[in-house]
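Let me put the structure up and then walk you through a few parts of it.

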Amino acid sequence: MDAILLKELSFGYTKENLFQNFSLSIPEGDFLGIIGPNGSGKTTLLKLIAGLLKSTSGQVLVFGEDLFHRKPKERGRLIGYMPQESHFLWNFKVKEVVLMGRYPYHRRFEREKREDFEIADLAMRLTNIIDLKDRGINNISTGERQRAVLARVLCQNPKILLLDEVTSHLDIGQAIEILRILRHLNTTYKITCLFSSHDINLAAMVAKRILLLAKGQVIACDRPDKVILPELLEKVYSIRPLITTHPKLNIPWVILNLRE
Amino acid sequence: MRNNPSLLLFPLIAIIFLSLSLGPGGVRGEIIFKIRLPRVLLGIFAGGVLSFVGGVLQGLLENPLCDPYILGIASGATFGVSLSLLFGHVSYFFIPPFAFAFSLLSLFFVYTLAQVSGRIQKLSLILSGVLISFLFSSLSILAMTFSKQPLAQIIYLIMGNLSVLFSPLTLMSFLIVFIISLILLYFLFSYAQELNILSTGEEAAISVGIDTERLVRMVFIISSLLTGFVVSFVGSISFVGLVVPHIARALYGYDHRKILPASFLLGSSLLLISDIFARTTAPVELPLSVVTALFGVPFFFYRLRRL
């Protein structure tokens with residue numbers, strides 16, 4: 001069964017629809033990198049799948065069932081969404097923030113149990129922030145804060161992870177670290193990952209498939225070497241970069257050129 | 001740093017005793033029970049509820065400057081009071097239900113105005129609350145201009161005071177309202193974890209499985225009701241709902257499960273202290289809002305410097 005099935009989705013922020021009868025299927029265990037220019041609908045697509053936005057027509061099916069036929073807490077147990085940036089008005093402790101991810105498993109007035117603390121610790125260890133658990137969420141670096149938010153999302157124990165340009169505000173070291181964690185989650189725990197990125201090369205490094213989006217339409221959705229092609233990139237970005245192969249990994253590698 | 005907000009109960013009890021024994025007339029049973037005890041109950045009610053609701057709204061609307069009056073309810077109640085005084089001396093029994101009726105009216109206006117294509121958003125709540133506040137404040141001043149009551153008396157009634165004269169009927173109605181309020185507070189408290197998560201962002205809350213729209217709607221209505229209850233009985237007491245939750249956060253962190261009860265206890269204590277101050281330091285009883293503001297401003301200044 002497909003983890004996610006989008007059927008004839010229509011959605012727009014204004015009278016003009018961004019997505020019109022948009023369909024896409026994502027099998028379980030997939031690692032999909034979504035690339036495309038600004039305004040192509042990367043963030044909108046992820047928010048539609050997460051249930052943060054409602055389409056005007058069409059269906060989002062998650063493991064066979066309509067997203068909005070499920071109760072909110074059920075959605076919280078299935079899908080984890082991580083935004084590009086997180087700002088915290090109140091300076092909660094890192095461990096308090098991470099424990100919030102256990103909410104979909106609690107009933108009213110249920111206090112956190114030992115199992116919740118253990119899962120939170122595991123999530124913090126996976127994301128390498130266990131030493132920061134007692135620090136304030138605003139007293140750590142951006143990269144550490146992103147990892148804390150990832151740990152919170154992991155506490156939801158989701159089957160699907162949606163990550164919206166999460167590496168955009170990270171330095172290259174932090175970005176690689178997050179991608180390594182995601183790759184580990186995908187291969188070891190079989191979590192279906194969808195992530196959008198401005199960096200095509202980073203996406204190609206971890207993704208099993210790449211979705212190239214432009215103006216709310218699928219330009220290509222296939223293995224990286226079938227999508228990252230000069231003609232397709234030129235059609236979408238209006239530049240014609242050099243495509244070669246990564247010297248160490250067997251993936252396409254985009255080399256930018258100022259002069260053409 | 002004490003980590004248990006229920007320890008705040010002890011200073012509150014001490015302050016209650018203090019409040020019951022201080023004042024003109026000394027320590028006489030009749031004065032204590034007929035005059036000071038209702039006053040103390042009003043003080044606990046007003047200070048506790050305003051601080052609790054202030055804490056809830058600051059979390060819900062992700063805004064540290066929120067107080068219970070941001071939803072426009074108090075100005076509606078104030079208008080109700082000034083309208084009732086328009087026609088000369090009115091029995092004090094009339095005022096609370098009149099005020100409450102108008103606070104319900106302003107709740108209805110704010111709620112309706114805040115709907116953006118059928119949904120309630122945090123920003124539109126704040127904006128429509130401010131709008132309705134301006135509307136009713138202006139109307140209140142208009143009513144006061146034409147009123148037969150001396151202006152000083154109106155200000156005294158509106159700006160918050162605990163010297164309500166209770167008849168057995170109004171005392172009974174107040175106690176019922178007090179109990180209903182406690183139940184509503186407990187109900188809000190049961191959503192403390194949701195408020196925690198919502199205070200870190202609406203998207204975070206939705207993605208973790210919270211029905212934010214239902215939550216915002218419900219919290220708004222209950223907060224408005226509670227604020228309406230308080231303002232109908234004691235007028236608009238300023239600063240308490242704004243400052244006390246910040247004091248609670250300074251002591252206990254940001255978890256609503258701790259700061260909401262802490263706010264209630266701290267707010268009751270602070271209001272009773274302010275009231276003691278208001279009625280014992282000057283030959284004339286000071287308006288309560290003045291005293292709470294005098295206490296609140298230096299505290300806020302101190303917090304500002306620590307940022």
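I'll start with helix H11 of chain B, residues 240–252: 13 residues, reaching 18 Å from its first C-alpha to its last, close to the 18 Å expected at 1.5 Å a residue. That expected span is 1.5 Å times one less than the number of residues, and helices here are DSSP runs of H or I with at least four residues, strands runs of E with at least two, numbered from the N terminus.

Quick housekeeping: this is a predicted model, where local features need pLDDT of at least 70, side-chain atom pairs count only at pLDDT 80 or more, and totals for chains, interfaces and linings use all residues. Residues are numbered from 1 along each chain as its sequence is written, and chains are lettered from A and ligands numbered from 1 in the order in which they are written.

Back to H11(B): its buried residues include B:Val240, B:Leu242, B:Arg249 and B:Tyr252. Buried means 20 or more other C-beta atoms within 10 Å of the residue's own, with C-beta atoms placed from the backbone. Just after the helix, B:Gly253 takes a positive phi of about 95°.

Now compare H3 of chain B, residues 73–84. There, 12 of the 12 residues are buried, so H3(B) is largely enclosed by the rest of the structure.

What about the largest nonpolar core? By that I mean buried Ala, Val, Leu, Ile, Met, Phe, Trp, Tyr and Cys residues joined through C-beta atoms within 7 Å. It has 154 residues, and A:Val98, A:Leu162 and B:Val230 touch the most other members. Helix H2 of chain B, residues 29–60, gives the largest share, 12 residues.

Over in chain A, 4 strands make an open antiparallel sheet, in the order S2-S1-S4-S5. S2(A) and S5(A) stand at the edges with a single partner strand each, so one side of each has no neighbour in the sheet. S1(A) and S4(A) pair over 5 bridges; pairing takes at least two DSSP bridges.

Last, the interface: 17 residues of chain B are in contact with 24 of chain A, contact being C-beta atoms, placed from the backbone, within 7 Å. On the chain B side, H9(B) gives the most, with 4 residues.

Methods:
Contact = placed C-beta atoms within 7 Å.
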